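Have the sequence and the model open as you read.

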Amino acid sequence: MLAKKLSVIIPCYNAENIIERCLNSLVNQTLGLENMEIILVNDASTDGTLQILKAWEEKYPDSILLIDSTVNMKTGGARNLGIQHASGEYIGFVDNDDWVDETMYEKAYSAAKKHNCDVVGVLYARELENGYRFPFAMPKGKKNVPVDATKPIPDGVSPLPGEVWSKIYRKSLLVDNDLYFPEGLSYPENYWALLLKYYIKSYYVVDEILYHYIQYENSIIVSGNLDHILDRLEIQIRLLQEISKRGLADINDSNIKKNFLHLYYVNTLHLIFMREQSAIPYEICNQMKEEVLNIYPQYYEDNFVKQYCCKDNAFAFLLRTLEYKMTNDLWDKAAEVYPDETYDLSIFLHAEKEEKVQGTLENREVFKLGYLLFREMQSILSEFHQILYQEYLNAGKLNTSRVKAIWQHYEDMILQRVEEAGMIEDVVRENYHLEQKFYRLDGLERLWKESLSAFDRGETESSISILIKLQQFLVMSQDLYQGVWCRNELIDLSDDLEQ
């Protein structure tokens, strides 16, 4: 078989009822079948899959290559076999239950050649087996521009997402850097895609939905099978070891730590808790917890942990389990309240703290209080603005004495909250390592009074302008407590308010 522009590798396991749609979408590609090599890897199927694949190879002998593995190596091993036999300049992967738009590989390959990219990705739609399509694409609405992966990512361009099958890859990139999948394990892409990112120099995202990812009820991602969960944990440990072995990065790097906490701990707990009518595997949960604390005993000192832990979301709730000595009863309670929107933390009130975990997370309640205070101040100020605006509409102007009377109604509430917020300022600055100029709680009262003084002088527009800027400041301060970084904007606005 002559070298082709593109090799597409499809691992096939017990796919007799689903493979036809996938293959039909591949042989009808506008790139031209003569320019493609379709590599079908039968991964020791126990149904009629092999016979179907043989029929397709016989029908397209110049474009389809069948590899029959008598040992089930799972998706990772099957993909490795395909890479070893691929002759194409670029390589793509398709899951046997998915299908692709007929223009996908023409558009991806054209972009790769035009921009000389290592990797080209497309958007995808997630669909159920009954045909229902979720109303979004992953990633969403990004620009068609080539990206130098060694430099900061431009605005509006998606970081290279982790899905293996929605892209094509320069074959030499994979082979020269020994980038192969873990074999015999589920979730091999969690290892491979993250390792690959260290070697990519350029990539491109085609801003069209061209890949159709089909989700089945019994898929690995949604089943929560315990063997798959154990595979998931093994994959993440191997990834850390490989990054360290290759000297690609320090595993204590914040991004690596964040990824490990997400995929090894938080996302795995999510899968465990979401399994229907299944007992919590306490031994596995405790093993995960112990592994995290052994590898990253100071995990709570990272800024991203502080950011997440002052939010009310799933990540913060599940990460919270690292702080406490989790009894079987406490694991059951955590699973029972998850994923309730309130993420009820009261289950931890009487739990014994882990001796290893001390420090910043102890102040989570303080951060929560700060968020609530700023949200309340912002809400009060918004209500004040609405009343002023209504007064203006009714009378055609703002009466100073009337404004002062309205303000008097809110002043005591605002100043009390300023005082309360000031009490926690030192804790916030210490834990976020903020400069004095970044956080100006001590200036809030002055700004309220300056705004009223402007009203007294008849400078209505100036006063409202100060209040609007102050409201922006409060909104961003509120976001800070939620963990949304707006450092530069706050500094600029703070400087502006001083002038």
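Helix α3 has 12 residues, which should span 16 Å at 1.5 Å a residue; its end C-alpha atoms are 17 Å apart, which agrees. The expected span is 1.5 Å times one less than the number of residues. Helices here are DSSP runs of H or I with at least four residues, strands are E runs of at least two, and both are numbered from the N terminus.

This is a predicted model: local features need pLDDT of at least 70, side-chain atom pairs count only at pLDDT 80 or more, and totals for chains, interfaces and linings use all residues. Residues are numbered from 1 along each chain as its sequence is written, and side-chain values use heavy atoms, with hydrogens and water left out.

The buried residues of α3 are Gly76, Gly77, Ala78, Arg79, Asn80, Leu81, Gly82 and Ile83. Buried means under 20% relative accessible area, exposed over 50%, and partly exposed in between, with a 1.4 Å probe and protein chains only. Their cover includes the strands β1 (6-12), β2 (36-43), β3 (64-69) and β4 (90-93), along with the helices α5 and α6. Contact, here and below, means heavy atoms within 4.5 Å.

Lys74 belongs to α3 (residues 74-85). Lys74 is not a glycine, yet its phi is positive, about 65°. Most residues other than glycine have a negative phi. Lys74 is partly exposed, at 28% relative accessible area.

Tyr187 also has a positive phi, near 60°, and is a residue other than glycine. Tyr187 sits in the loop between α5 (171-176) and α6 (188-196). Is Tyr187 buried or exposed? At 7% relative accessibility, Tyr187 counts as buried.

Helix α4 (residues 104-115) also has 12 residues and reaches 17 Å from its first C-alpha to its last, close to the 16 Å expected. Its buried residues are Met104, Tyr105, Ala108, Tyr109, Ala111 and Ala112. They cover an arc of only 160° around the axis, which puts them on the same side of α4. The arc is that of the directions from the helix axis to the C-beta atoms. An α-helix has 3.6 residues a turn, so residues three or four places apart point the same way. After α4 comes Asn116, with a positive phi near 55°.

Next, helix packing. Two packed helices are described by the angle between their axes and the distance between the axes. Axes are lines fitted to C-alpha atoms, for helices over the stretch in contact, and angles run from 0 to 180 degrees between N-to-C directions.

| Helix pair | Axis distance | Angle |
|---|---|---|
| α9 (254-273) and α13 (328-337) | within 10 Å | roughly 80° |
| α10 (282-295) and α13 | 11 Å | about 90° |
| α8 and α10 | 12 Å | about 10° |

The angle of roughly 80° between α9 and α13 makes α9 roughly perpendicular to α13. Angles of 65 to 115 degrees count as roughly perpendicular, under 35 as roughly parallel, over 145 as roughly antiparallel and the rest as oblique. Tyr265, Leu269 and Phe273 in α9 meet Trp331, Ala334 and Ala335 in α13. This contact has 6 nonpolar residues, no polar and no charged. Ala, Val, Leu, Ile, Met, Phe, Trp, Tyr, Cys and Pro count as nonpolar; Asp, Glu, Lys and Arg as charged; the others, Gly among them, as polar.

At about 90° and 11 Å, α10 is roughly perpendicular to α13. On the α10 side are Tyr282, Cys285, Asn286 and Lys289; on the α13 side are Asn328, Trp331 and Asp332. By class, this contact has 3 nonpolar, 2 polar and 2 charged residues.

Which residues of α13 are buried? They are Leu330, Trp331, Ala334, Ala335 and Val337. What covers them includes α9, α10 and α12 (314-320).

At about 10° and 12 Å, α8 is roughly parallel to α10. Leu226, Ile229, Leu230, Leu233, Ile237 and Leu240 in α8 meet Ile284, Gln287, Met288, Glu291 and Ile295 in α10. The residues of this contact divide into 9 nonpolar, 1 polar and 1 charged.

Ile251 lies in the loop between α8 (226-246) and α9. Ile251 is partly exposed, at 24% relative accessible area. Beyond its neighbours within four places in sequence, Ile251 is in contact with Leu240, Ser244, Ile256, Lys257 and Tyr296.

Across the protein chain there are 18 helices and 10 strands. Buried residues make up 51% of its 499 residues.
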